[in-house]
Amino acid sequence: MRIILTIFLLTSGLFAFSTATLNHHYEGKPCSYGYTTYCGPKELLSEDIYPVNDTSAPNVCKTVRIYSRYKYSCCYTKRCYYYWWKYQCHWKCSCSDSCDVPINVTSVEYHCCDGFTTAVAETDGGNKYSYIEPHSEWKIRSEGCPIEIKENVVECLEELDLTELQCLLEGTNLETTLQGDGMFTLFAPTNDVLQDSGLEDLGRETTEFVLGSHVVEKKLESLLFYDGQRLESINEDCFIHVTEIDTYKYVWHYYYRYHKEHEGDEIFISGGKIIGRDACIARNGIVHIVDRVLECGNQTIADIVQEEDEYSILEFLLSTADLLEFLDKPTQALTLFAPTNQAFMNLTEDLNLDIVECLSNETNLEELKKFLLFHIVRGAEFSSSLILRDCLVTKACHKVIYYHYYYYKWYTECLKLNVAITDEGIVVGDDEVAITTIDIVASNGVIHEVSLPLLNQKIDLAKLCASFPRSSFTVLVNPPPFVPPPERM
């Protein structure tokens, strides 16, 4: 007991001594938190740019900025507490409401030196995850800025040796535009593509309009493209479309099975594959290299269907199902697999039923809508991207209801359209219907003509149209022109 009392007295003495020492050293002295809370106005005092020499990465600079800031005044205050075995005090940093302590703050920002950039030209579809944060400080300090920025987009063509496009642009208003102010994205076809296109044989005005289909009035790096994107070209109210396809590969996993890994992506602009991404950067835009001459569309899918005589049956059915307005919307990209009048006749002969009158009957309007929506696919799928697809998601959707524990749930399921490549070309659907005409460009998508209407597997046409024999088929095709009989001799 005597030993315990002795230890207690010694501890109390040390505590009193330490408290007195703390009182001597910390009472009313200024302090700060682990983090600083700034207050008041922020004023830039100086800004200087220096080249960075402590890294092997080329053309890296840093901007050093010094700001005048204020923070709250803080000082130490004593806080004491009673415990059942002792009386203990400690010091706490407490701040007042007065923002009156001046302080200078220095910030350092690493960036590319003037006239250089981090963008790297790509000749094929690389792994898109390697493009994450291409202008981040970490990427700049590690890889530098090796690409020189050109003065304008036209100078980029000389840098990339795209001489054919230079010759076609020479002396045009479009060349003057691309040399001036503003921001542009140019999709430049290769020399071989332009030599085979025959553009030099067209008139000056037509050639300039075609070249205008390759220009967008904004700067779009490859990271900014996405599937289903619509871009208005420099030709007013004339649009081109972006299609992005992710590619995968199967790798043998160490668990004795194949593992699906993302390999990269392919980007197409109105059917033309981008084979050189971010090929050249200019102060007023960017150049991507494509493998075909692009065509923009200034009419909607509904406009084209209504204008072409060979789509008169399709127009009649779309109008009956109230879907023409859906195909006239300019805000979404769609693909229509359009059966011609001859295609409907061929299906009528195959089934020996009057399909048109059957589907247009007022009792079958719901089935007609499902039938037609099976021909519409979301996104602009040109022939160059179709060959990379296994299937497409159509607009023919239905609700699936299932029982989940003690209640019902539902989700929307859209039918898929198979795509394959055969000796006849591109075929779609379970019946392998051939595409006879490809890539009819519209402002809100693309049209492909098919040799037969596509059969929705959810609709049994033979059963639905059993009461509409072929004899009652009404021809909705425009009659042939009248030929007068020969005159009598």
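**Entry: ground rules.** I am working with a predicted model, where local features need pLDDT of at least 70, side-chain atom pairs count only at pLDDT 80 or more, and totals for chains, interfaces and linings use all residues. Residues are numbered from 1 along each chain as its sequence is written, and side-chain values use heavy atoms, with hydrogens and water left out.

**Entry: cores.** I looked up the nonpolar cores, meaning sets of buried Ala, Val, Leu, Ile, Met, Phe, Trp, Tyr and Cys residues joined through side-chain atoms within 4.5 Å. Buried is under 20% relative accessible area, exposed is over 50%, and partly exposed is in between (1.4 Å probe, protein chains only). The largest core has 50 residues, and Leu-314, Leu-327, Leu-336, Phe-337 and Leu-372 touch the most other members. I then found a second, separate core of 21 residues, with Leu-168, Leu-169, Leu-174 and Val-210 among them. In soluble globular proteins, nonpolar side chains tend to be buried together.

Next I picked Phe-337 and listed its contacts (heavy atoms within 4.5 Å). Leaving out residues up to four places away in sequence, Phe-337 touches residues including His-375, Val-377, Leu-417, Ile-435 and His-448.

**Entry: disulfides.** How many disulfides does the structure hold? I get 8, where a disulfide is a pair of cysteine sulfur atoms within 2.5 Å.

*Cys-39 and Cys-99.* The S to S distance is 1.8 Å. The torsion about the S-S bond is about 100°, so this one is right-handed. Cys-39 sits in strand E1 (residues 38–51) and Cys-99 in strand E3 (residues 87–112), so the pair ties together parts 60 residues apart in sequence. Cys-39 is buried at 8% relative accessibility, while Cys-99 is partly exposed at 30%.

*Cys-156 and Cys-280.* These sulfur atoms are 2.2 Å apart. Is the link right-handed or left-handed? It is left-handed, because the torsion is about -70°. Cys-156 is in helix H3 (residues 153–159) and Cys-280 in strand E11 (residues 272–282), so I note a link between distant parts of the chain, 124 residues apart. Both cysteines are buried.

*Cys-397 and Cys-414.* Here I read 1.9 Å between the sulfur atoms and a right-handed link with 90° about the S-S bond. Cys-397 is in strand E15 (residues 391–404) and Cys-414 in strand E16 (residues 407–422), so the tied parts are 17 residues apart in sequence. Cys-397 is partly exposed at 37%, and Cys-414 is partly exposed at 23%.

How values were computed: Helices (H or I, at least four residues) and strands (E, at least two) are DSSP runs, numbered from the N terminus.
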